[in-house]
Amino acid sequence: MSESLDADIGIVLLAAGESQRMASASKTTSPKALLPWFGRPLIQYQLEQLAAVVPAHIALVTGFHAERLAPYANTVAGVHTVQNPDPARGRSSSIVHGVQSLPDTLSAFAIVNVDQPCAASILTKLIAASATAGKLITLPRYRGKRGHPPLFANALRSALLHVREETQGLKAVTRSHRADTAYVDIDDPSVVWNLNTPADYERAQQQHVLLATTNAAKTEHLAWLLEDMPLRRVTLAEANLSHVSPPSETQATLQAIAESKAIAWSRVFGGLAIASDGGIAIPALGDAWEERLTARFAGSHATDQQRVEALLALLRPFKGDERRAYFRECVALANNGTLIQSWSAESPPGMIAESYRPEQLVPGFWLLTLWCDSQTGRRFGAPAPDDPAYADGAWGRIKPKVQQFIKRYAKRTLNPATRP
């Protein structure tokens, strides 16, 4: 298949089921689509995430609980509702109604079940991978296990319109095109989740961990610490917590600040949260410098550029080895307001440069703008945290400590089905 995925994508969100297994086990008449998920109903979360995949046309297929679910489509732009008049015929009939409602000129179709939470980032990766692989079907994979949602090229639209429960629905399509299927390895356990029962729902809740920072660069660093761990990394935005004011950072040490942030955010999140605080020690400055205030140096409202220039002014009298410094990073993990563990590590020593150019400014980590190798004076800038040349070696030193603990924690605490 040579078809490109540069054109619009169709997304069918299936929410027509009766939720019988969930209802019988939990003794409730509420459909799975209304389960709480990051502070809002699961269906609203799903629609918000799918709407973030652009350009996309979204069809919400309702059925047994149509009256209760259809209003959520009105809260998210770009969604139209299709009601399956006979949802008892099964999931395949809902797929047909959903695909029929979308333009036949779309590049591809994703079929998403409402009880299989799908973050926008996952679907975006699938779309990008499909465009590169040029296959009829693209599937996510987690640790060797096939996952969801499937992405079908437009060439398979007719096949999707003819799926039937009697012939095992989508399985018939995927089986007949195994040789034309691309697999995308995704480090996110949610691609193999199915929220069929209360136990499934509880297991999924246990596997979330909040990346508790408002700093976009630090979000990437915290995610890097947790890569390949049996936890689903969740940003503040996805958790619907962007509006929450960050906790105060008045504690006496970097470690105490990191612990306080992890505890506060985990309480708001209602689960696991990982937070950090870091700073730089500059021995020559003595009492004129306090590493725990690194992020707020020159005032809490100062820009990164203002902080850089203020430090250069403070260090102007110092030369050579007097400009020696080192980073300290502290990371903490908490659950529902209770601290679980914290770690601290220091980087090898480096030097603070005597000048900089505006284009060298490192957003989010202003001190890296000035960070140099202590031997050669070479400026590092901001390579990825797993790069051997990464200036703040504290992150690299702290990662194995975090991962070793989480592996033990998972074996001891998490439900057996969530263990690595």
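Visitor: Which residue of β16 stands opposite Arg324?

Guide: Met351 in β16 stands opposite Arg324. Before we go on, please keep in mind that this model is predicted.

Visitor: What makes β14 and β16 count as paired strands?

Guide: Pairing takes at least two bridges between two strands. β14 and strand β16 (residues 350–352) are joined by 2 bridges, so they meet that cut-off. They run antiparallel.

Visitor: How do you know that β14 pairs with β13 and β15 as well?

Guide: The bridges are counted again. β13 and β14 run antiparallel and are joined by 10 bridges, and Ile280 stands opposite Phe327 in β14. Strand β15 (residues 338–346) is also antiparallel to β14, with 8 bridges between them. In β15, Glu346 stands opposite Arg328, and Ser342 is the bridge partner of Ala332.

Visitor: What phi does Asn336 take in the hairpin of β14 and β15?

Guide: Asn336 takes a positive phi near 50 degrees. That hairpin has 2 residues between its strands.

Visitor: What makes β14 "mostly covered"?

Guide: A residue is called buried when its relative accessible area is under 20%. In β14, 9 of the 12 residues are buried, so the description "mostly covered" follows from that count.

Visitor: Why is β1 called largely enclosed by the rest of the structure?

Guide: 7 of the 7 residues of β1 are buried, so the strand is largely enclosed. Ile9, Ile11, Leu13 and Ala15 point one way, Gly10, Val12 and Leu14 point the other way, and all are buried.

Visitor: Which strands pair with β1, and how do you know that they do?

Guide: Strand β4 (residues 56–62) is joined to β1 by 7 bridges, in parallel, with Ile9 opposite Ala56. Strand β6 (residues 108–113) pairs with β1 over 6 bridges, also in the parallel sense, and Val12 has Ile111 as its bridge partner there.

Visitor: Why is helix α2 described as largely enclosed?

Guide: In α2 (residues 42–51), 7 of the 10 residues are buried, so the rest of the structure largely encloses this helix. The buried residues are Leu42, Ile43, Tyr45, Gln46, Leu47, Gln49 and Leu50.

Visitor: What makes a group of residues a nonpolar core here, and which residues have the most contacts inside the largest one?

Guide: Members must be buried residues of the nonpolar kinds that count for a core, joined through side-chain atoms within 4.5 Å. The largest such core has 57 residues, and those with the most contacts inside it are Ile11, Trp37, Ile43, Leu47, Leu60, Leu123 and Leu210. Trp37 is worth a look: leaving aside residues up to four places away in sequence, Trp37 touches Leu42, Tyr45, Pro117, Trp193, Leu195, Tyr201, Ala204, Gln205 and His208.

Visitor: How do you know that a residue lines the largest pocket, and which residues are closest to its centre?

Guide: A lining residue has an atom within 4 Å of a point of the pocket. By that test 39 residues line the largest pocket, and Arg91, Asn113, Asp115, Gln116 and Asn194 are the closest to its centre. The space in this pocket is about 1200 Å³. At least two lining residues come from each of β1 (9–15), α1 (20–26), α4 (91–100), β8 (145–146) and α7 (170–176).

Visitor: What classes of residue make up the lining of the largest pocket?

Guide: That lining divides into 15 nonpolar, 15 polar and 9 charged residues.

Visitor: What is known about the second largest pocket?

Guide: The second largest pocket holds about 600 Å³ of space. It is lined by 28 residues, and Asn215, Lys218, Asp277, Ala295 and Gly364 are the closest to its centre. By class, the lining has 10 nonpolar, 8 polar and 10 charged residues. β13 gives the most to this lining, with 4 residues.

Visitor: How many of the contacts between residues at least 6 apart in sequence join residues at least 24 apart?

Guide: The share is 69%. The chain has 420 residues, 52% of them buried, with 12 helices and 17 strands.

Technical notes. Residues are numbered from 1 along each chain as its sequence is written. This is a predicted model: local features need pLDDT of at least 70, side-chain atom pairs count only at pLDDT 80 or more; totals for chains, interfaces and linings use all residues. Side-chain values use heavy atoms; hydrogens and water are left out. On a 1 Å grid over the protein atoms alone, a cavity is a set of points where a 1.4 Å probe fits but cannot get out, and a pocket is an open set with protein on both sides within 12 Å along at least five of seven lines; lining residues have an atom within 4 Å of a point. Grid points are joined across faces, edges and corners, and a volume is the space filled by probe spheres set on the points. Ala, Val, Leu, Ile, Met, Phe, Trp, Tyr, Cys and Pro count as nonpolar, Asp, Glu, Lys and Arg as charged, and the others, Gly among them, as polar. Buried means under 20% relative accessible area, exposed over 50%, partly exposed in between (1.4 Å probe, protein chains only). Contact means heavy atoms within 4.5 Å.
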